[in-house]
Amino acid sequence: MLDVEAFRRIVEAAAFHQLIGLRLEKADAINGVAVLRQPYRPELSIFPDAGVYHGGVIGALIDVAGAVACGLTLGRPTPTANFRVDFLRSPAKVDLIATGRLVRTGKTLAVADVEITDDKGEVYAIGRGTFSTAAAFKAIEGGAESAKARPDGSSMTVLPQIAARQEELTQWRRHLHDHPEIGFEETETARFVTQRLFEAGIEVHSGLAKTGVVGVIEGRPGSRRIGLRADMDALPMEDSGTPLWRSTFPGKFHGCGHDGHIVMLLAAARHLAQSHDFDGIVHVILQPAEEGLGGGRRMVEDGLFEHFPCDEIYALHNMPLLPKGRASVRAGATLASFDQLDVTIHGRGGHAAMPHRTIDAGLVMAYLVTSLQSLV
Ligand SMILES: [Zn+2]
């Protein structure tokens, strides 16, 4: 079933991105209907007195309708639901009605065919709306799933055996934060991790993908094997924070929170090693170079799963956008990655007084950047 709060966040995130300030008034997942309200904003109209939206806003409405379509199909078995969106400028008066159908949802993009009509039934615009299903959308979708798991909104509980050692764990994290190391250079971090695992009586293997570390914990007899994975690298940037435990290495900074990830996994590993309260084997995997350098792939190429087979593997990343105590869970890809591409634009030079005889590569680039960004 549709999680209305998650749906609200999807719609509002899309509307916020488009700067048109829509608010969700009603979401009816069963009939696939959403009602959105937009307070009248003259700056979005080409003829403010007549209340006529300009083309950019219509494009934005189509994209928001795409987002609505994604939201309405969350948690449904087939992503083909029809939908209807009423854009209101007051609770009473319907200005525009968007109807359509979700065409496809992919790993990174949802696409919806949308027709927008005015309140007299005249077709106002037809378009294909897209909405990024990566990054924020995935986080929101994950939030919806965890909200379903805990409808009372209660927080996760920390095991008392782990909570009792919070002070020590905090010190570990601050030590790592003080001494950040970037991708494939995590030698001291790996040493620290190895030491903590040894102290917990865990068998440790190091050197996979240069600085990667794997701990092996055996529970009760059993054939199942799972992997728990954390990343160890910091970012090549300055730590501009003021706390006492800020980075002591210039130009290196645990700005992504991997210092916390390491400690969370070490705490879990120690607890599992002490309790042995599970069947089979847990592989504790600390990978180097998560920040764009492919440390995980290197570990796999170096034989991670041949030496330490896993039926399933679990990873996490901190997500400050989620409410405290809430974890979002989903199988497969969860957060967006980045890629790089080079574009060369060949212009044609000329005289400033005869710009029509030139091709201004700068201008072409400016348009290209704006248009590509609208994919997001
Ligand atoms: Zn990260």
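The following questions and answers concern a predicted model of one protein chain.

Me: How many helices and strands are there in the protein chain, and what share of its residues count as buried?
Reply: The predicted chain holds 10 helices and 13 strands. Among contacts between residues at least 6 apart in sequence, 66% join residues at least 24 apart. Of the 376 residues of the chain, the share that count as buried is 32%.

Me: What is the order of the strands in the open sheet of 5 strands?
Reply: The edge strands of this sheet are E9 (203-208) and E13, each of which pairs on one side only. Neighbouring strands are turned against each other by 20 degrees on average, direction ignored. With mixed pairing, the order is E9-E10-E12-E11-E13.

Me: In which sense do E9 and E10 pair, parallel or antiparallel, and which residue of E10 is the bridge partner of Glu 203?
Reply: E9 and E10 are joined over 5 bridges, and the sense of their pairing is antiparallel. Within this pairing, the bridge partner that Glu 203 finds in E10 is Val 216.

Me: How many bridges join E11 to E12, and which residue is the bridge partner of Arg 229 in E12?
Reply: Strand E11 (residues 220-231) and strand E12 (residues 279-287) run parallel and are joined by 8 bridges. In E12, the residue that partners Arg 229 is Ile 285.

Me: Which residue of E13 stands opposite Leu 228?
Reply: E11 is also joined to strand E13 (residues 312-315), with which it runs parallel, and this pairing has 4 bridges. In E13, the residue opposite Leu 228 is Tyr 314.

Me: At what angle do H5 and H7 pack, and how far apart are their axes?
Reply: Two packed helices are described by the angle between their axes and the distance between the axes. H5 passes H7 in a right-handed crossing. The contact includes Leu 169, Trp 172 and Leu 176 of H5 and Ile 262, Val 263 and Leu 266 of H7, and by class it has 7 nonpolar, 2 polar and 2 charged residues. For helix H5 (residues 166-178) and helix H7 (residues 258-275), the angle is about 145 degrees and the axes are 9 Å apart.

Me: Which element gives the most residues to the largest nonpolar core?
Reply: This core has 28 residues, of which Ile 262, Leu 265, Leu 266, Ala 269, Val 284 and Leu 286 touch the most other members. The elements that give two or more residues to the core are H5, H6, E10, E11, H7 and E12. Leaving aside neighbours within four places in sequence, Val 284 is in contact with Val 214, Gly 215, Ile 217, Leu 228, Leu 265 and Ala 269. The element that gives the most, with 8 residues, is H7.

Me: Is Ala 209 buried or exposed, and is His 276 buried or exposed?
Reply: Most residues other than glycine have a negative phi, yet Ala 209 has a positive phi of about 55 degrees and His 276 has a positive phi of about 50 degrees. Ala 209 lies in the loop between E9 and E10, whereas His 276 is in the loop between H7 and E12. Because Ala 209 has 22 C-beta neighbours inside 10 Å, it counts as buried. With 12 other C-beta atoms within 10 Å, His 276 is exposed.

Key:
Residues are numbered from 1 along each chain as its sequence is written. This is a predicted model: local features need pLDDT of at least 70, side-chain atom pairs count only at pLDDT 80 or more; totals for chains, interfaces and linings use all residues. Axes are lines fitted to C-alpha atoms, for helices over the stretch in contact, and angles run from 0 to 180 degrees between N-to-C directions. A crossing is left-handed if the near helix is turned anticlockwise from the far one by less than a right angle, and right-handed if clockwise. Two residues are in contact if their C-beta atoms, placed from the backbone, lie within 7 Å. Ala, Val, Leu, Ile, Met, Phe, Trp, Tyr, Cys and Pro count as nonpolar, Asp, Glu, Lys and Arg as charged, and the others, Gly among them, as polar. Two strands pair if DSSP finds at least two bridges between them. A nonpolar core is a set of buried Ala, Val, Leu, Ile, Met, Phe, Trp, Tyr and Cys residues joined through C-beta atoms within 7 Å. A residue is buried if 20 or more other C-beta atoms lie within 10 Å of its own, exposed if 12 or fewer, and partly exposed in between; C-beta atoms are placed from the backbone.
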